[in-house]
Amino acid sequence: MPTECVQAIVTGYTDYRDNDRMLTLFSADRGRIDCKARNCRKPTAPLLACAQPFVFGEFELFAQSDRVTVNGCDVRESFYPIREDVDRFMAASTAAQLVNRVIEHDSPDEPLFSLLYHTLSFLAYADVVPKDMLIAFLLRFLDHAGYRPSLTRCSVCRRDVRSDAVLFYSADSGGVVCVACPHGGKPVSKLSLEAMRRILLLEHDELRRVRLTEALRNEIYPLLRNSCAVMLGENDKSITMLDQIQ
Ligand SMILES: [Zn+2]
């Protein structure tokens, strides 16, 4: 077998031995690729620059039986500024971890790749509030995974609730719930629902425009965190990471 080149983003890694690292790559064409980067943690290692979180590059891979090794990499974008700011780093790490939970080997996923690429790009280089970028990512991520929260219809009785004065949000029910339906949710403001609707209408390259008030940010974030927990389970590592972001 052969060597092959793939464009991919490093979405995770685990260190092993003294200088080696196991990388998780996400390629739009191939989905998830787990591969070894040998000797990449030595200060002078040729693979040092590419074996870092969030790096986007053209990776030269060598596969033998079912093991894949990185031979080399042409780094296209390091998104380095993410690593210099703790809030941006936490948001990017959480997004990458969520992506890792859903990508599969040999499963192309261009839309999810585009979402992650744009999220990392704006976290690195745009004047954004990291938590707002994460909120935008979470909404799009849930939508992509088939867990788009219902925002205009009661998720229990399916009635259009856009003119209702009082509404609740229940992650277990799948979104907004009207007063007449049973639920275990929290009250949700119409402004939050409208903000989420608008975020879902944006293209990926427009997500840098998301700028929420603190009140909206604090209301929406826990709702989306709960929707992710319904999808992945309360004990998932990504939920712990979401909880660490204040
Ligand atoms: Zn209802």
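1. Lys and Arg are counted here as positive and Asp and Glu as negative, with His and the chain ends not counted, and each charge is placed at NZ of Lys, CZ of Arg, CG of Asp or CD of Glu. On that basis, the mean positions of the 30 positive and 33 negative charges of the chain lie 3 Å apart.

2. The model is predicted, and local features need pLDDT of at least 70, side-chain atom pairs count only at pLDDT 80 or more, and totals for chains, interfaces and linings use all residues. Residues are numbered from 1 along each chain as its sequence is written, and side-chain values use heavy atoms, with hydrogens and water left out.

3. The chain holds 6 helices and 8 strands (DSSP runs, H or I of at least four residues for helices and E of at least two for strands, numbered from the N terminus), and their order from the N terminus is β-β-β-β-β-α-α-α-β-β-β-α-α-α.

4. Strand S4 (residues 56-64) pairs with strand S5 (residues 67-77) in the antiparallel sense over 9 bridges, where pairing requires that DSSP finds at least two bridges between two strands. The two strands form a hairpin with 2 residues between them, and Ser-65 in the turn has a positive phi of about 45 degrees, while Phe-62 stands opposite Thr-69 in S5.

5. Along its principal axes, the C-alpha trace spans about 60 × 35 × 30 Å. Of the 246 residues in the chain, 51% are buried (under 20% relative accessible area, with a 1.4 Å probe and protein chains only).

6. Among contacts (heavy atoms within 4.5 Å) between residues at least 6 apart in sequence, 60% join residues at least 24 apart.

Technical notes:
Buried means under 20% relative accessible area, exposed over 50%, partly exposed in between (1.4 Å probe, protein chains only).
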